Amino acid sequence: MTVTPLSCPFLYLQRIGLLETSQYWRAMKHPAAQTLAASPGLVEPLVWLMRKQIVSADALAEACDSLALAGDRDMLDQALEQYELFCMEANGVWLDLLVREGLVCAGEREHVLQAIGFETPFTAPDAVLVRMVKRGVMPRKRFDALRKASGGSARRRAILDDAAASLPSDAPTPRAAVVRKAPRKPFRAWGELALWILAPVLLAFGIGMITRALNALPACDGWTVGRKIRALTPPGVARSLTDIREIGYIEAAQLRGCRATLSVDGKAAPFAYTVASDPKDDKLVVTPADPVIAQMRFGRLDANARPPDLTYPIPRTALESAMREGGRRAAPGRATDGWSARFAPEPRSDIADLEPVEPCRALVVGVRYTCRLLIERKDPQRPGVVGASTLHQGEFTIEQGGYAGLWKVGADFQREYEAAIAAPYQAP
């Protein structure tokens, strides 16, 4: 049995430019280095390096494009994904504590988790409050009001006092000034010690796994998301993604909708994409989307993070299947005579995506409906180009297809489709 030398994982990372010499020696001096030397890959050592803040995740993400080997880039992608998940789990524990202490509303938890970012795992609940105030998630007036409010546990007061001591002193409350001068109370020290001990235990026994199930997807501006978006553009061109923001998160489908500005060789244009996880192998999937359709789909979610059911009683999946089948039949160049149609390759549908604009209306209840849809039609002359599509809106007839659960487009679909694509979509 061959034993991997202790220095191999870190030496290799140094050789490919992911570790500086000083960072290499800092890692080697750590007691955990011996255990990491036995790791079968480089993902675990990289995640450990980020968790110990020996190397920053931002620096690794920037260096990813410079790696010569595709295997090294995949390895770094996996490490960044695991580190983001670790940050979400750790920060989720502190957020749950803030919810229990009444400092964060339960309904705000997901929004706050996204807003504070996944770049760093916080080590105490007061650090989460500080980030919330600095990023405007919690207005300073609300924070001061929470401090002035009477009642609450001693732990709640300790969290607020510690957060106040770390905030800028441009608008301190009188109590905050006293707290900065006062010696640390024994309870606070014991409380922090208990929290330090409690957090790993909670993570180990499943609290982190619950958070993972709900929030396993990276944020819209996550490092791995950015890597996959850059891979969508041709190599060798200058590209950048700015003004990134989340439109909405459909919890039931675990699908995140995002908007940004994509600049390719100096030309900027609106850009949208979805972030999901492949159910087969749990890998991250980033898919470009039309900005208008993405805004319509993710911008109308209700309080339970669900989109409005505008296609009732037609299932959404059945509507999409019927429209794409109709799009295949309407695709240009399809053979129409019996002999040619039999052996001609099946054309691909021009319809790349669609979204209902308003509730479908019944023509014959339970049998035939008309639905106003916004459709994204791929440009067949520009395959594979990001944004190579056009938007159209039209009324389409959808009817029962012979047995329960099957729906199809109506006999007039060709005319409806041609009428829809006759003119580009005009935004209201």
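**Exercise 1.** Which cysteine does a disulfide join to Cys-360, and what is the S to S distance?

*Solution.* In this predicted model, a disulfide joins Cys-360 to Cys-371, with an S to S distance of 2.1 Å, and the cut-off to apply is that the sulfur atoms of a pair lie within 2.5 Å. Turning to the geometry, the torsion about the S-S bond is 115°, and the link of Cys-360 and Cys-371 is right-handed.

**Exercise 2.** Decide whether Cys-360, Cys-371 and Cys-105 are buried or partly exposed.

*Solution.* Buried means under 20% relative accessible area. Cys-360 has 11% relative accessibility and therefore counts as buried, and Cys-371 is buried as well, because its relative accessible area is 0%. Cys-105, by contrast, has 43% relative accessibility and so counts as partly exposed.

**Exercise 3.** Describe the disulfide formed by Cys-220 and Cys-258, including its handedness.

*Solution.* The sulfur atoms of Cys-220 and Cys-258 are 2.0 Å apart, and the two residues form a disulfide. The torsion about their S-S bond is about -75°, which means that this disulfide is left-handed. Cys-220 lies in the loop between α13 (207–215) and α14 (223–232), whereas Cys-258 lies in strand β2 (residues 255–264), and the pair links distant parts of the chain, 38 residues apart. Both Cys-220 and Cys-258 are buried.

**Exercise 4.** State how many disulfides the count comes to, and give their pattern.

*Solution.* The count comes to two disulfides. With bonded cysteines counted along the chain, these follow the pattern 1-2, 3-4.

Key. Residues are numbered from 1 along each chain as its sequence is written. This is a predicted model: local features need pLDDT of at least 70, side-chain atom pairs count only at pLDDT 80 or more; totals for chains, interfaces and linings use all residues. Side-chain values use heavy atoms; hydrogens and water are left out. Helices (H or I, at least four residues) and strands (E, at least two) are DSSP runs, numbered from the N terminus. Buried means under 20% relative accessible area, exposed over 50%, partly exposed in between (1.4 Å probe, protein chains only).
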